[in-house]
Amino acid sequence: MSIREQLQGKLGFGTAPLGNMYRDIPPDEAIATVDAAWDQGIRFFDTAPLYGAGLAEIRLGEALARRPRDEYVLSTKIGRVILDELEDPLARDMGEKGGLFEFGLKNKIVNDYSADATLRSIEASLQRLKTDRLDIVWVHDVAQDFFGDEWLAQYEIARTGAFRVLDRLRDEGVIKGWGLGVNRVEPLELTLDLDEPKPDAFLLAGRYTLLDHERALQRLMPAAAAQHVDIVVGGPYSSGILAGGTHFEYAKAPPAIVEKVARLTALATRHGISIKAAALQFALAHPAVASVIPGASRPERLLEDQAALRQAVPAAFWQALREQGLVSALAPLPGA
């Protein structure tokens, strides 16, 4: 069964906010948010050890413990091992994402893409998630935004370590699929060029959105489609700026982005739709995209996401986007 067939619907739930990203979320609010996702019919949940140093996995595991395991798809990530030793979250070297989980747990996070660390990470995730199996495992953030000029060296460790372990676990039926979960296009292009091992899907965050899709369309998206490697789009709201927030790329949005969002919002308003509807439906229009997983830290956000997915968007809106140069000429649009 392909990743696309497993995902049981177009909308998933990204749990980075449950790791106290940006703010200290009360435990009951975090659990209520997962419950709201379930009540809205969402059955694909994505998490990672990095999110709050295990906090998001713990909260997700608690919320899903009451649910039948066969009724949902669960993905997490490897590449970061969480230790019992404590550290100052603000002192962590997280590349361009410094301070992102300052309100999370204080456990020390170690970057390690080796074969041994991959197995240890999976075992620890299973314990935090209170489950006996994972469906999809992503190799997390082996890219420029976290490692700068060292990213290729880290990628090589992952290629000879994590990639091969995950390929074997899939072939043995321990997991149903694996891939990379990154915020950059280049590691995915590199992986598609490998003769082996072969991934099943990619989780691409922030690089196929209304605001940022040109680079992905050049080579990645057509190559993924040709090789039947499914794309899960993370961060469809570009860190929140497309959902009424002020963050873009996990930082305060620069003036040029704010101006473009204002143009997109004005156009959406003129056609009687929400900017969220435009963002979600744009991402899903590409044939390589199997699912989109916006994050949420409040229950009401899940209702907004489902409403946005169902909202009828007039063809005139997409046509206006194209005519005003707000989307790439290469981007497939809904209904086209």
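Modeller: Let's begin with Arg 207, which counts as buried because its relative accessibility is 8%, and the cut-off for buried is under 20%. Keep in mind that we're looking at a predicted model. Where does Arg 207 sit? Arg 207 is in the loop that links strand S8 (201-205) to helix H9 (214-218).

If we skip the neighbours within four places in sequence, Arg 207 is in contact with Asn 183, Arg 184, Val 185, Asp 212, His 213, Ala 216 and Glu 249. Pick Asp 212 from that list: its side chain and that of Arg 207 are joined by a polar contact of 2.8 Å. Then try Glu 249, which is 42 residues from Arg 207 along the sequence, with 10.0 Å between their C-alpha atoms.

Is Asp 167 buried or exposed? Asp 167 counts as buried, because its relative accessibility is 14%. Leaving out residues up to four places away in sequence, Asp 167 touches Trp 178, Pro 197 and Lys 198. With Trp 178, there's also a side-chain to side-chain polar contact, at 3.0 Å.

Next, the nonpolar side of things. In soluble globular proteins, nonpolar side chains tend to be buried together. Here, the largest nonpolar core has 104 residues, and those touching the most other members are Phe 45, Val 139, Leu 180, Leu 210 and Leu 242. Helix H12 (residues 275-284) gives the most to this core, namely eight residues. There's a second, separate core too, with eleven residues, including Phe 44, Ala 201, Val 232 and Ile 293. Zoom in on Leu 180 and, again not counting residues up to four places away in sequence, you'll find that it touches Trp 138, Val 139, Val 142, Tyr 155, Phe 163, Pro 187, Leu 188, Thr 191, Ala 201, Phe 202 and Leu 203.

Now follow a strand. In S3 (residues 73-78), six of the six residues are buried. Val 73, Ser 75 and Lys 77 point one way, while Leu 74, Thr 76 and Ile 78 point the other way, and all are buried. S3 pairs with strand S2 (residues 44-46): the two run parallel and are joined by three bridges. If you want a place to look, find Asp 46, which stands opposite Ser 75 in S3. Together with helix H3 (residues 55-64), S2 and S3 make a right-handed β-α-β unit. S3 also runs parallel to strand S6 (residues 136-140), with four bridges between them. Here, Ile 78 has Val 139 in S6 as its bridge partner, and Val 139 is one of the core residues that touch the most other members.

Finally, zoom out. The chain has 14 helices and twelve strands. Its radius of gyration is 19 Å, close to the 20 Å that the globule rule gives for 336 residues, so the chain is as compact as a globular protein of that length. Along the principal axes, the C-alpha atoms fill a box of roughly 55 × 45 × 40 Å. Of the 336 residues, 57% count as buried. And among contacts with a separation of 6 or more, 77% are between residues 24 or more positions apart.

Key
Residues are numbered from 1 along each chain as its sequence is written. This is a predicted model: local features need pLDDT of at least 70, side-chain atom pairs count only at pLDDT 80 or more; totals for chains, interfaces and linings use all residues. Side-chain values use heavy atoms; hydrogens and water are left out. A nonpolar core is a set of buried Ala, Val, Leu, Ile, Met, Phe, Trp, Tyr and Cys residues joined through side-chain atoms within 4.5 Å. Buried means under 20% relative accessible area, exposed over 50%, partly exposed in between (1.4 Å probe, protein chains only). Contact means heavy atoms within 4.5 Å. A polar contact is a pair of N or O atoms within 3.5 Å; within protein, one must be able to donate a hydrogen and the other to accept it, and residues adjacent in sequence count only if both atoms are side-chain atoms. Two strands pair if DSSP finds at least two bridges between them. A crossover is right-handed if, with the strands pointing away from the viewer, the path from the first strand over the helix to the second runs clockwise. The radius of gyration is taken over C-alpha atoms; the globule rule is 2.2 Å times the number of residues to the power 0.38.
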